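User: I have a model open and want to know what backs each label put on it. Please take me through the calls one by one.

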Amino acid sequence: DYCPTKDLFLFYPDGIHEIERHLRLVEFLAIEPKGTHLEFPLYKKDFEEYNNLPFFLEPKKYVCVHPGSRNKQRQWPPAHFAALANYCAEKGLAIVITGSENEMDIIESVTRNLHQAPIIAAGKTSIATVAILIKNALMLISNCTGVSHIAAAMETPSIVISMDGEPERWAPLNKKLHSTIDWTKEPDHERVMAVLHERLSHLQRDQALHPTIPTTSDHFGNS
């Protein structure tokens, strides 16, 4: 492959995670990498907005479900999301559906299949407010999209459905916290349910033994 000069250009690395790809570039520019962890800064004003939401949620007593994605081809069927949400509700958890206003069609499709009324946060939140919702959630269930990266940054456990066949590039790196299912290779709803059962049982047992202190503005900046 042609390269004007190897001192100024880096061949685009394939077959690695997107985070690691960018870190390769950072190293090439002689900048010391600081690790593969993600960050999502939160500030006092974000918590003020969160506290003004028209609903109250007890931390770690709810699950965030995010059925949307900018690319509709990366959206898992609404009925599948609803089945997972119904299971979580049976275990005593509230269901919070996140998304944007232009994703209300798919959100309504999920809601029609739910056994109990969810809390619809979609269209009522900024990206920072969504981050706080995810931070305080017991778990996130989503497509492989932006919120899955927020869950990674917030260290909130997640089940991520990859519909684009590139989980090695986009999935959260911490496999102890995050389960990513490549639906293009293993379109097995029962397996996803089994993963949810295992994850949720562990999380609820751990939460009962070691309650988590909710995230407040005291833990973050004041800007």
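**Labels and their grounds**

Analyst: Pro-33 sits in the loop between α1 (18-28) and α2 (44-51). Helices here are DSSP runs of H or I with at least four residues, strands are runs of E with at least two, and both are numbered from the N terminus. This is a predicted model, where local features need pLDDT of at least 70, side-chain atom pairs count only at pLDDT 80 or more, and totals for chains, interfaces and linings use all residues. Residues are numbered from 1 along each chain as its sequence is written, and side-chain values use heavy atoms, with hydrogens and water left out.

User: Why is Pro-33 called partly exposed?

Analyst: Its relative accessible area is 27%. Buried means under 20%, exposed means over 50%, and partly exposed lies in between (1.4 Å probe, protein chains only). The value of 27% therefore makes Pro-33 partly exposed. The C-alpha atoms of Pro-33 and Glu-20 are separated by 9.9 Å, and the two residues are 13 apart along the chain.

User: Why are β3 and β6 said to stand at the edges?

Analyst: The open sheet has the order β3-β2-β1-β4-β5-β6, with parallel pairing. β3 (119-120) and β6 each have a single partner strand, so one side of each is left without a neighbour in the sheet. Strand β6 (residues 178-182) is still mostly covered, with four of its five residues buried.

User: What makes the Trp-76 and Phe-81 pair edge-to-face?

Analyst: The whole structure holds two aromatic pairs. Rings of Phe, Tyr and Trp (its six-membered ring) pair if their centres lie within 6.5 Å; planes under 30 degrees apart count as stacked, over 60 as edge-to-face and the rest as tilted. For Trp-76 and Phe-81 the centres are 5.1 Å apart and the planes stand at 85 degrees, so the pair is edge-to-face. Both residues, Trp-76 and Phe-81, are buried.

User: Why does the pair of Trp-76 and Trp-183 get the label edge-to-face?

Analyst: Its ring centres are 5.4 Å apart and its planes stand at 80 degrees, so the Trp-76 and Trp-183 pair is edge-to-face. This pair links distant parts of the chain, 107 residues apart: Trp-76 lies in the loop between β1 (62-66) and α3 (78-90), and Trp-183 in the loop between β6 and α8 (189-209). Both Trp-76 and Trp-183 are buried. Trp-76, Phe-81 and Trp-183 form one aromatic cluster.

Note on methods: Two strands pair if DSSP finds at least two bridges between them.
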